[in-house]
Amino acid sequence: MKSSTFTRASLSSILQPAFSPRPISGRPITCSAVAPKPQTPLHLRPPSFRATLSELQKWHIWAKNKASSVGSTFLDLDNGPESTLLHRELNWLVEDALEQPALLSRNNYDDATPVSVRARLDDLYDLWKQRIDERRPFQYVVGCEHWRDLVLSVEEGVLIPRPETEMILDLVEESVTQNAGLKNGLWADLGTGSGALAIGVARVIGSGRGRVVASDLSPIAVAVASYNVRRYNLQERVDVRLGSWFEPLNDVNEELSGLVSNPPYIPTENIEGLQAEVCKHEPRLALDGGENGMSDLIHLCNGAASMLRPGGFFAFETNGEVQSELLVDYMDSKVKGSFFDVNIASDFAGIRRFVTGYRA
Amino acid sequence: MGNGGGRFWRLNHCVMVAACRKLHSHTISRRINVCRPPNYNRSQLPFVKETTLLRRYFSSSAETAQSQPELSLDLINIMDQKLAAIENRNSFLQAIVNQPDASPEQYSTANKELKKLRHTVELVTEMRKKHKEIEGLKLLLTESQDDKDMHQMASEELGQASEEEKRIRHSLLKSLLPKDDADERDCILEVRAGTGGEEASLFAMDIFKMYEKYSQKKGWKFEVLDVAESDLKGYKEASAAISGADVYGKLKFESGVHRVQRVPVTEKSGRVHTSAVSVVILPQADQVDVHLKNEDLKIDTYRSGGSGGQHANTTNSAVRVTHVPTGLTVNIQDERSQHMNKAKALKLLCAKLYEIERARADASRSRLRTEQIGSGDRSERIRTYNFPQGRVTDHRVGITTHSIDGLMQGENLDTFVDALLLQQEMDAIASFTSTKH
C-alpha cells in the first residue's frame with residue numbers, strides 16, 4: 001500500500017486529466033465509478049510505525065545537512081526556497097511525522113528507545129529526498145497545507161492554496177457585514193481545488209440558511225475537496241460537484257448571492273519559467289489561463305452577469321496589475337451595466353490582485 | 001496554598017519575620033506600623049532563618065484555621081471611615097436608580113457604579129450582622145453567670161463569631177485595596193539575552209522553558225510566538241502568549257533582569273561566569289482595548305520576487321505589522337499560515353500598545369505607587385540564580401530557594417510568586433492608609 005503513494009507522485013506529471021479542458025456537452029458530468037480515493041495527510045495518519053530514537057536523530061542530521069547544502073541555489077535558479085526556509089519546513093515535517101517531536105532534541109545519541117512515527121523510516125528519507133532532489137512541494141510531501149485558520153489535505157492533482165487567496169475571505173467578510181442578507185443565500189466557489197474558498201465562505205456566512213456549491217473539473221480535486229469539507233463537518237452546507245465552471249450548477253434554481261473564484265490565470269508561455277515546485281508538480285489545469293491568462297476570468301465574468309442575483313457579490317483573484325484592470329475594462333464595456341461598485345483590492349505585497357463588485 | 005484566609009495568617013508572620021531581617025530595612029519599618037498585632041514586641045520574636053520562611057508559607061490548613069491576625073486600631077478606624085463613605089454612596093445611588101423619572105444615562109451610570117460597590121456593601125452588611133450577633137452573645141454571657149453550661153456555650157459561640165468577624169474584616173480590607181484591572185488578563189512573555197554572549201542566550205532558553213513548564217503545571221496555555229536562535233541554539237530573543245485565569249497578576253513580578261552565575265557549557269577551565277537575561281511580562285489586550293483601527297496598520301508579507309499568487313509556491317508566510325501612528329513593528333514568521341502569523345503579530349502589537357498606554361497612566365500616579373512591587377522597572381535586577389551553590393534569590397522580598405533544579409523545571413516558582421503577591425498586598429495596605437479619601 002505504501003509504494004502506491006509514491007508512484008502516484010511521479011505518475012501525476014504523466015497522467016492527463018480524464019476530461020478535456022472545455023467539455024462540449026451541456027450535461028453536468030457525474031462522478032464515474034472510479035472516484036479517486038483522497039490520501040490521508042501525514043499528520044492524521046496513525047503513529048503505527050517504530051524507529052529508534054538514534055535512527056531518527058541520524059535521519060534528522062542527514063536531513064538538516066541536505067537542507068543546508070542547498071544554500072541559495074534554488075533561489076538563484078528559479079526563485080525557489082533557500083536553506084532557512086527548508087530548515088523551517090523540516091521542523092514542520094518532524095511535527096507532522098512524530099507523535100512527540102520534542103524527543104528529537106534529546107542529547108543521548110545512543111538511545112535505542114522506540115519512537116512512534118506516522119511513516120516508515122525509509123519513507124522519511126524518501127520524502128525529504130523528493131523535497132530537495134525533485135523539488136516536490138513541501139505541502140505534497142506532508143499531504144496538507146495550513147491556510148488561514150484551516151488545515152487542508154492536498155495532493156498531486158490539486159492546486160496548493162496560496163496565502164494571497166486568504167484575502168478573498170476577508171473581502172467576503174466585509175461584504176456580508178455590510179449586506180447581511182447575502183448570508184442566507186447560495187454561494188459558489190468555482191474551480192474549488194482543495195475546497196479552501198468553499199469551506200472558508202461557509203464559515204464566514206455562518207450556520208444560518210446560507211449554502212455553498214463548489215465545482216471543479218478534476219476528479220482528484222473533487223475527491224480532496226469533499227474530504228476536506230467532511231473534515232470540517234460542513235457536508236450539509238457545502239456541495240462539491242464535478243464539472244466545468246457553471247455547468248454543474250445547471251439544475252440550481254435560485255440566483256447566487258455570491259460568487260468567488262481563484263481561476264487559472266497564468267499565461268501559458270510563462271508556466272515553464274516558474275519555480276520547479278509549481279511547474280513540475282502542480283496541476284497545469286489549475287494554472288494555465290490561456291494565451292493572455294484571462295480566458296477563465298472572462299468566462300466567470302460572463303457567468304456572474306447571468307447567475308448572480310441583483311445585489312449579489314463576486315470576488316475573483318487575478319495575476320495582479322494588468323489582468324485586474326483588463327477585467328474591470330471588460331466589465332465596463334462588454335457587459336456594461338451588469339455590475340456596480342467594482343473595486344480592485346491589493347494583497348499584502350501591494351499587488352492589485354482582487355476584483356470585487358456587485359451585480360446590478 | 002494561596003487562599004485568602006491562609007494568606008492573611010502568613011501576612012502576620014511575614015511581617016514579624018521581615019522585622020528580624022537585617023536587609024530591606026527602609027521598606028519594612030513603614031509596613032510594620034500598619035499591621036501590628038496588639039501584643040507585638042519585637043524582642044520576643046525568635047530569629048528565623050531564611051529556609052524556615054519557606055516552611056511558613058507551606059503551613060498546613062490546621063494552623064490557618066486558628067487565630068486571624070488582629071488589625072491595628074488605626075487601620076480599623078480608617079477602614080470604618082471609608083466604609084461609611086461607601087455606604088452613603090451606595091444609598092445615594094440606590095435612590096437614583098429607584099427614581100421613576102431617572103433618565104436612561106443616569107440610570108446606567110448609577111447602575112455601573114453600584115455593581116462595583118456591591119461586593120463591598122454585601123460584606124459590610126454581613127459584618128454588621130456579625131456585630132449584632134456578638135453583642136447578643138456578650139449580653140448572654142453576662143446574664144448567664146450562674147448557668148455554667150449556657151455560659152460555656154455562649155463563650156464558645158462568641159469565640160467563633162469573633163473569628164468570623166475578623167475574617168469578614170479581612171475580606172473587606174481586601175475589597176478596599178487598590179487593584180490592578182490587568183491582573184485578570186492573559187499575558188505576553190518576552191525573554192531577551194543580555195550581557196554574557198552565548199551563555200546568556202543559553203540561559204534565556206532555560207528560563208523560557210522554565211516558564212513553559214510552570215505554565216503547563218498551572219494548566220495555562222503556552223503559545224510560542226517567536227524565537228530568535230543563537231549560534232549554539234540558545235535563544236537571543238523569544239516570546240510567548242500565556243493564557244489562563246489571572247495569568248498576568250501572577251507573572252507580572254517576573255519582569256526585570258534575571259542574573260545567572262554558573263559554569264557555561266562552553267567554558268573549558270570551569271570558571272563561573274555571570275550573565276543576565278531580561279524578562280518582560282505584558283498584559284494581553286485586544287484591538288478594542290487599544291482602540292486599534294485597521295487604517296493605522298501597515299501589513300507586509302514576504303514577497304517571492306515574482307508576481308506571487310499562483311506563480312509561486314512558498315511556505316514563507318511571514319508577516320510584519322506596523323502601527324503607523326507609533327511606528328511600532330512586530331514580525332512573526334513561524335506559523336504555517338499567513339493568517340495565523342498575522343493573528344499572532346496583532347496579539348503582540350496590541351499588548352505592546354496597551355503597555356505604552358498603561359505606562360503613560362502610571363506616570364501620573366503617586367510616587368508611593370511607583371515604588372511598589374510590580375511597577376515594572378525593567379532594568380531592575382530582581383533575581384539571581386547561582387548554580388554552583390544551588391540557590392535562587394529574589395532580591396525584592398529577600399527570599400531564597402535551594403531547589404534550583406526544581407525551579408528550572410517549573411516547580412517552585414510559586415514560592416516567589418506568593419511572597420511577591422503578599423508584598424504587593426502590604427504595599428497596597430500602606431498606600432490605603434496613607435491616602436485620604
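1. The count of salt bridges between chain A and chain B is 3, and this, like everything below, should be read as a property of a predicted model. One of the salt bridges joins B:Arg336 to A:Asp96, with their closest N and O atoms 2.9 Å apart.

2. Polar contacts between chain A and chain B involve 19 residue pairs, counting those in which both residues have a pLDDT of 80 or more. On the side of chain A that touches chain B, the elements giving two or more residues are helix 4 (83–97), helix 6 (138–142), strand 3 (144–147) and helix 10 (276–279). Helix 4 of chain A provides the largest share, namely 6 residues. By residue type, that side of chain A divides into 21 nonpolar, 13 charged and 6 polar residues.

3. As to the extent of the interface, 40 residues of chain A are in contact with 26 residues of chain B. The size of an interface is often expressed as the accessible area that is lost when the parts come together. Chain A and chain B bury about 2,800 Å² between them, and 46% of this lies on carbon and sulfur atoms. Within chain A, the residues that lose the most area to chain B are A:Arg88, A:Trp92 and A:Phe348, which together make up 25% of what that side buries.

4. For chain B, an unreviewed UniProt entry lists residues 139–254 under "domain: Peptide chain release factor". In the model, this span of chain B is 53% helix and 22% strand, and its end C-alpha atoms lie 53 Å apart.

Key. Residues are numbered from 1 along each chain as its sequence is written. Chains are lettered from A and ligands numbered from 1 in the order in which they are written. This is a predicted model: local features need pLDDT of at least 70, side-chain atom pairs count only at pLDDT 80 or more; totals for chains, interfaces and linings use all residues. Side-chain values use heavy atoms; hydrogens and water are left out. Contact means heavy atoms within 4.5 Å. Buried area is the accessible area (1.4 Å probe) that two parts lose on being put together, summed over both. A salt bridge is a side-chain nitrogen of Lys or Arg within 4 Å of a carboxyl oxygen of Asp or Glu. A polar contact is a pair of N or O atoms within 3.5 Å; within protein, one must be able to donate a hydrogen and the other to accept it, and residues adjacent in sequence count only if both atoms are side-chain atoms. Helices (H or I, at least four residues) and strands (E, at least two) are DSSP runs, numbered from the N terminus. Ala, Val, Leu, Ile, Met, Phe, Trp, Tyr, Cys and Pro count as nonpolar, Asp, Glu, Lys and Arg as charged, and the others, Gly among them, as polar. UniProt positions are given in the numbering used here, feature names are shortened, and annotations may be inferred rather than shown by experiment.
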